[in-house]
Amino acid sequence: MDNSVTLLEHFLYMEDGDDDVIYDENRYGAAAAIASSKQMLTSALHSMKHTQGVHVKIADLGLGDGGHTFSTVDTVVEVLRRKLAAIYGGTEPAFEVFFSDLPSSDGFGQFENRVTDSGKKYHVAGTPVSFYWPLFPKGELHVVVTTNALQWLSHVPIKVIKKGSKTWNKGRVWIEGAEKEVVEAYAEQADDDLVTFLKYRKGEIVVGGMLFMLMAGRPSGLESQVSDDSPFKLSFTTLMNQTWQELVDEGSIEEDKRDAFNIPLYLRNTEEVAAAIERCGGFKIEKMEMLKIADPMNARQQEFMKDPDSYGRAMGNLVQAGYIKPMVKAYLGPDLTSKFYERYAIKAATNKEFLAKDYFYTMIAISAIRV
């Protein structure tokens, strides 16, 4: 099976050329990954041994921007609806869907429409809280899905902002290119976080239930976080570090303040994911796949070459997606945050070399059965 996915042209031209919409990686990068993993998700749902009645409880952990999250849940509900109707002689199953994410998530902005929609196919509820905590009573859930969220850590490892230590990530806001000790601190935090997530889900999912995870990752055998064809190498290293340094150089922030900011993002490989699942216990991996997702911007390289400012704006919009902008805003305040992203966009517009090749996201999809 070819896991390389190219977004259809109509994705790139939706919303009449609104850069804020088109180049939101959290929306369209994740959408492509979800589309690629849909067959795997559907197969896992069909293989589930659902036993107790026709009242199904589903949880989606990590709303993101809302759009792709609801699409995933719609798939889960539709597949199980048909499956259970066949088992129980056409009886209409009842579905409860619980959504959870951090309070800052944009997804809750769309959540109200799902609650008030008279034509909805399931009952919904939402909780603005981290999924690194216990969320539900023991043995309550039949299906748990999480998409494009588990690469985000519960917090930045304290070690990497301890000034003067071997693990101090001085001069960088992410771990790509950092010292070995810094990378190891992030890897340790990522392992602890994933095991914690799995431990709580193990208690909440019924035996025979399913956990489906889709997260940003990195290819096996790659020691660094990103390869040369990963957009993260540009987004979170080159441009991000240059922009922070510019704020330091002009005196907008102090160097120590820059050094104390790190992005809590870690891209696991499949071996690290499998090790965490084994360490936790209680789950049997049904399938795990590495997906290669084309960056939506690849399709418009020539256009961006002619109009680099639009490319800069697109990159600025992209790196604000997900949890990055709330973190920067909470750290710098609104005025400096606006300045930061303006500078970021300018720097992106002057880096034409990055338009000369295609970029890809690496995603890991895992379906696991609660045993």
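The residues that line the second largest cavity divide into eight nonpolar, two polar and two charged. In this classification Ala, Val, Leu, Ile, Met, Phe, Trp, Tyr, Cys and Pro count as nonpolar, Asp, Glu, Lys and Arg as charged, and the others, Gly among them, as polar. The lining consists of P231, L234, D295, M297, N298, Q301, Y311, M315, F354, L355, K357 and Y359. A cavity is a set of points, on a 1 Å grid over the protein atoms alone, where a 1.4 Å probe fits but cannot get out, and lining residues have an atom within 4 Å of a point. The volume of this second largest cavity is about 90 Å³; grid points are joined across faces, edges and corners, and a volume is the space filled by probe spheres set on the points. The structure holds three cavities of 30 Å³ or more.

The model is predicted: local features need pLDDT of at least 70, side-chain atom pairs count only at pLDDT 80 or more, and totals for chains, interfaces and linings use all residues. Residues are numbered from 1 along each chain as its sequence is written, and side-chain values use heavy atoms, with hydrogens and water left out.

The secondary structure of the chain comprises 13 helices and eight strands. Helices (H or I, at least four residues) and strands (E, at least two) are DSSP runs, numbered from the N terminus. Of the 371 residues, 54% count as buried, where buried means under 20% relative accessible area, exposed over 50%, and partly exposed in between (1.4 Å probe, protein chains only). Among contacts with a separation of 6 or more, 84% are between residues 24 or more positions apart; a contact means heavy atoms within 4.5 Å.

In soluble globular proteins, nonpolar side chains tend to be buried together. The largest nonpolar core of this structure has 79 residues, and M240 and I263 touch the most other members. Helix α7 (residues 232–249) gives the most to this core, with eight residues. A nonpolar core is a set of buried Ala, Val, Leu, Ile, Met, Phe, Trp, Tyr and Cys residues joined through side-chain atoms within 4.5 Å. Neighbours within four places in sequence aside, M240 is in contact with V173, L234, S235, I263, V319, I324, F340 and Y344. A second, separate core of 26 residues includes F98, F131, V195 and I364.

Helix α7 also contains T243, which is buried with a relative accessible area of 0%. Beyond residues up to four places away in sequence, T243 touches F340, R343, Y344 and K347. The C-alpha atoms of T243 and I346 are separated by 9.4 Å, although these residues are 103 residues apart along the chain.

L332 is placed in helix α12 (residues 324–332) and is buried, with a relative accessible area of 11%. Its contacts, not counting residues up to four places away in sequence, are W244, L247, I253, K257, T337 and F340. L332 and K257 are 75 residues apart in sequence and 9.4 Å apart in space, C-alpha to C-alpha.

Which residues of helix α9 (residues 270–280) are buried? They are T270, V273, A276, I277 and C280. Seen down the axis of α9, these buried residues fall within an arc of 130°, so they line one face of the helix; the arc is that of the directions from the helix axis to the C-beta atoms. The face turned away from the buried side carries the exposed residues E278 and R279. The elements that cover the buried residues of α9 include α6 (180–204), β6 (205–216), β7 (283–294) and β8 (360–370).

Strand β8 holds F360, which counts as buried at 19% relative accessibility. The C-alpha atoms of F360 and D295, 65 residues apart along the chain, are separated by 5.1 Å.

The loop between β5 (141–147) and α6 contains N148, and K166 is placed in the loop between β5 and α6 as well. Is N148 buried or exposed? N148 is buried, with a relative accessible area of 8%, whereas K166 is exposed, with a relative accessible area of 69%. Most residues other than glycine have a negative phi. The phi of N148 is near 60°, a positive value in a residue other than glycine. Leaving aside neighbours within four places in sequence, K166 is in contact with E181 and V182.

Key. 1 Å grid on protein atoms, 1.4 Å probe; cavity = no way out; pocket = protein on both sides within 12 Å on 5 of 7 lines; lining within 4 Å.
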